[in-house]
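Hi,

Here is the structure I said I'd pass along. Have a look at it first, and my notes follow below.

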Amino acid sequence: MAEEPTQPNAADIDEVLVEEEMIEDIWVEDNSAPSLMARLGAEIAGTFILVVMGVGTALFLSVGNNGTLTAGLAFGAAVVIGATAFGHISGAHFNSAITVGVWLSGRFPGRDVAPYILAQLVGASLAGGALYIITLANPQIVDSASAQTVLASGANMFGEGTAGGWGVGAAILVEVIATAILVLAVLAATSVRGVRSLAPFIIGLTLAFVLVLAIPVTNGSVNPARSTGIALFAGADALSQLWVFWVAPLVGAAIIGLLYRAFGREDEIEEVETIDFVTD
């Protein structure tokens, strides 16, 4: 005599439903985060603001009788503005060294590093072009060579290109230290223990004062994108020294990023889409 098929009980049905929901959760793509294109657009706009405000202030120091502190604060204020406007979209890096640092720390996906750096270079180059056009509009600027000379005063250089005449060794050391401090501030301010709504102000002030240190030696980079965007319009001397302002900031960022990954909290060492400045 054949056995009658047993009917599943309520517990078995609930278990099957839970398993199906778990499978769906694994494969359903989360579309709530900003798209890559939105984040790249935010990086372009934010880097443009940073370079225009920071370098523009430095270029026109003599007009208002300003000083190094004013230039540093201009960069810092630009970070606060850009992070407030775009932090919830892209994480508001605006700096290739920061992108590399947070990636090496384990808090940024490697697949987005190159697109972010490219976006930052586009934003910085657009800013450099805008400043070049503004400079050419000055009636005292008679040709492109004169405009390049003005832009060179805001480019990152060492030796004769700076007020103090420091050599390449001093330039590299200052940029490594200053960038390391900046990346450390970024990682600390945006950590799970930090108050992320304050992060733009903490990072902005940190940038301002590391630039006060670096400006007399290198005109203050700590940002390869910023250096590249201005060097493109500042002449051959700035371009020939540009390598320093890629190598040194990236080394400083890498040191802090790797140390943070080695000794930081385990719950922060994960692949994340952005470093969001806005608390949930």
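**What I found**

Let me start with Leu259: at 43% relative accessibility, this residue counts as partly exposed, because anything between 20% and 50% falls into that class. Before going further, keep in mind that this is a predicted model.

Leu259 sits in helix H12, and it is one of the members of a nonpolar patch on the surface. Which helix gives the patch its largest share? That is H12 (residues 244–263), with five residues.

Next, the charged side chains. The salt bridge count comes to one. Its partners are Asp112 and Arg39, whose side chains meet at 2.8 Å, N to O. Asp112 belongs to the loop between helix H5 (96–104) and helix H6 (113–136), while Arg39 is part of helix H2 (residues 36–59), so the pair ties together parts that are 73 residues apart in sequence. Buried or exposed, what would you say for Asp112? Asp112 is buried, with a relative accessible area of 3%. Arg39 counts as buried too, because its relative accessibility is 5% and the cut-off for buried is under 20%.

On to the rings. There are two aromatic pairs by the rule I used. In one of them, Phe108 and Tyr116 have ring centres 4.8 Å apart and planes at 65°, so this pair is edge-to-face; the class starts at over 60 degrees. Phe108 and Tyr116 are both buried.

Phe94 is a residue other than glycine with a positive phi, near 60°. Phe94 lies in the loop between helix H4 (68–90) and H5, and with a relative accessible area of 2% it is buried. Where is Val222 placed? Val222 is in the loop between helix H9 (199–218) and helix H10 (224–231). Its phi is near 50°, again a positive value in a residue other than glycine, and Val222 is buried, with a relative accessible area of 1%.

Helix H10 itself holds Thr228, which is buried at a relative accessible area of 11%. What does Thr228 touch, leaving aside its neighbours within four places in sequence? Its contacts are Leu121, Leu242 and Trp246.

In helix H7 (residues 144–152), the residues Ala147, Leu151 and Ala152 are buried. They cover an arc of only 140° around the axis, which puts them on the same side of H7. In helix H4 you'll find Ile81, which is partly exposed, with a relative accessible area of 42%. Ile81 and Leu50 are 31 residues apart along the chain, and their C-alpha atoms are separated by 8.7 Å.

Cheers

Terms used
Residues are numbered from 1 along each chain as its sequence is written. This is a predicted model: local features need pLDDT of at least 70, side-chain atom pairs count only at pLDDT 80 or more; totals for chains, interfaces and linings use all residues. Side-chain values use heavy atoms; hydrogens and water are left out. Patches are made of residues with over 30% relative accessible area and no salt bridge: like charges are joined within 9 Å, nonpolar side chains (Val, Leu, Ile, Met, Phe, Trp, Tyr) within 5 Å. Accessible areas come from the Shrake-Rupley method with a 1.4 Å probe; for residues, only the protein chains shown count as cover. A salt bridge is a side-chain nitrogen of Lys or Arg within 4 Å of a carboxyl oxygen of Asp or Glu. Helices (H or I, at least four residues) and strands (E, at least two) are DSSP runs, numbered from the N terminus. Buried means under 20% relative accessible area, exposed over 50%, partly exposed in between (1.4 Å probe, protein chains only). Rings of Phe, Tyr and Trp (its six-membered ring) pair if their centres lie within 6.5 Å; planes under 30 degrees apart count as stacked, over 60 as edge-to-face and the rest as tilted. Contact means heavy atoms within 4.5 Å. The arc is that of the directions from the helix axis to the C-beta atoms.
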